[in-house]
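Biologist: I'd like to learn how to read side-chain features in a model. Could you walk me through a few?

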Amino acid sequence: MSSDPYDRPGAAPASGEHPPLSPHDIPPADPAGDEFSPAPADRAAAGSGVTRTRAAAMWSALAGGFLVLIVLLIFIAQNTESAEFRFLGWHWSLPLGVAILGAAVCGGLLTVAVGTARMYQLRRAAKKNARNHH
């Protein structure tokens with residue numbers, strides 16, 4: 001028998017490894033959901049000492065957004081040749097980079113509008129289904 005407190009089953013090994021975590025070792029997330037509490041998917045990583053907060057995720061998204069913005073600005077700066085456009089009797093000219101970016105933004109807005117309409121439709125169907133089954 002040894003007097004080492006880590007010499008029992010389930011205890012941390014003497015080699016410096018961390019003991020196994022129990023659910024009680026991981027702190028619960030703040031119910032208010034502030035940006036400093038770990039997201040549900042990141043709570044498992046909380047025991048490893050490295051947590052990913054919502055603020056960190058937002059910071060990463062912001063940095064990625066700025067990188068995309070820089071690439072778009074370079075694209076527009078390199079495509080400054082003017083192009084003529086005609087639509088339903090209107091005539092105008094724009095730099096090619098601005099025109100392509102405008103078309104992409106319009107396509108994105110159309111996608112958001114269709115997605116919003118579909119989510120609204122699914123929510124209405126789910127509420128109606130919930131009312132019929134109660």
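This is a predicted model: local features need pLDDT of at least 70, side-chain atom pairs count only at pLDDT 80 or more; totals for chains, interfaces and linings use all residues.

Biologist: Rings, then. How many aromatic pairs does the structure hold?

Modeller: There are two aromatic pairs. In general, you describe a pair of aromatic rings by the distance of the centres and the angle of the planes. Take Phe85 and Trp92: their ring centres are 6.1 Å apart and the planes sit at 25 degrees, so this pair is stacked. The cut-off behind that call is planes under 30 degrees apart.

Biologist: And what about the rings of Phe87 and Trp90?

Modeller: Here the centres are 6.4 Å apart and the planes make an angle of 50 degrees, so we call the pair tilted. An angle over 60 would have been needed for edge-to-face.

Biologist: Are Phe87 and Trp90 exposed or partly exposed?

Modeller: One of each. Phe87 has 47% relative accessibility and counts as partly exposed, while Trp90, at 57%, counts as exposed. The line for exposed is drawn at over 50%.

Biologist: On to charges. How many salt bridges does a search of the whole structure find?

Modeller: One. To read a salt bridge, look for a side-chain nitrogen of Lys or Arg within 4 Å of a carboxyl oxygen of Asp or Glu. In this model Arg86 bridges to Glu84, and their closest N and O atoms are 3.7 Å apart.

Biologist: Are Arg86 and Glu84 buried or exposed?

Modeller: Both residues are exposed.

Biologist: Now polar contacts. Which side chain does Asn129 contact?

Modeller: The idea is to look for N or O atoms within 3.5 Å. The side chain of Asn129 has a polar contact with the side chain of His133, at 2.8 Å. Asn129 itself belongs to helix H2, which spans residues 96-132, and at 42% relative accessibility it counts as partly exposed.

Biologist: What does the side chain of Thr53 reach?

Modeller: That one goes to backbone: the Thr53 side chain reaches the backbone nitrogen of Ala56 at 3.1 Å. Thr53 is in the segment before helix H1 (54-78).

Biologist: Why does Thr53 count as buried?

Modeller: Because its relative accessibility is 18%, and buried means under 20%.

Notes
Residues are numbered from 1 along each chain as its sequence is written. Side-chain values use heavy atoms; hydrogens and water are left out. Rings of Phe, Tyr and Trp (its six-membered ring) pair if their centres lie within 6.5 Å; planes under 30 degrees apart count as stacked, over 60 as edge-to-face and the rest as tilted. Buried means under 20% relative accessible area, exposed over 50%, partly exposed in between (1.4 Å probe, protein chains only). Helices (H or I, at least four residues) and strands (E, at least two) are DSSP runs, numbered from the N terminus. A polar contact is a pair of N or O atoms within 3.5 Å; within protein, one must be able to donate a hydrogen and the other to accept it, and residues adjacent in sequence count only if both atoms are side-chain atoms.
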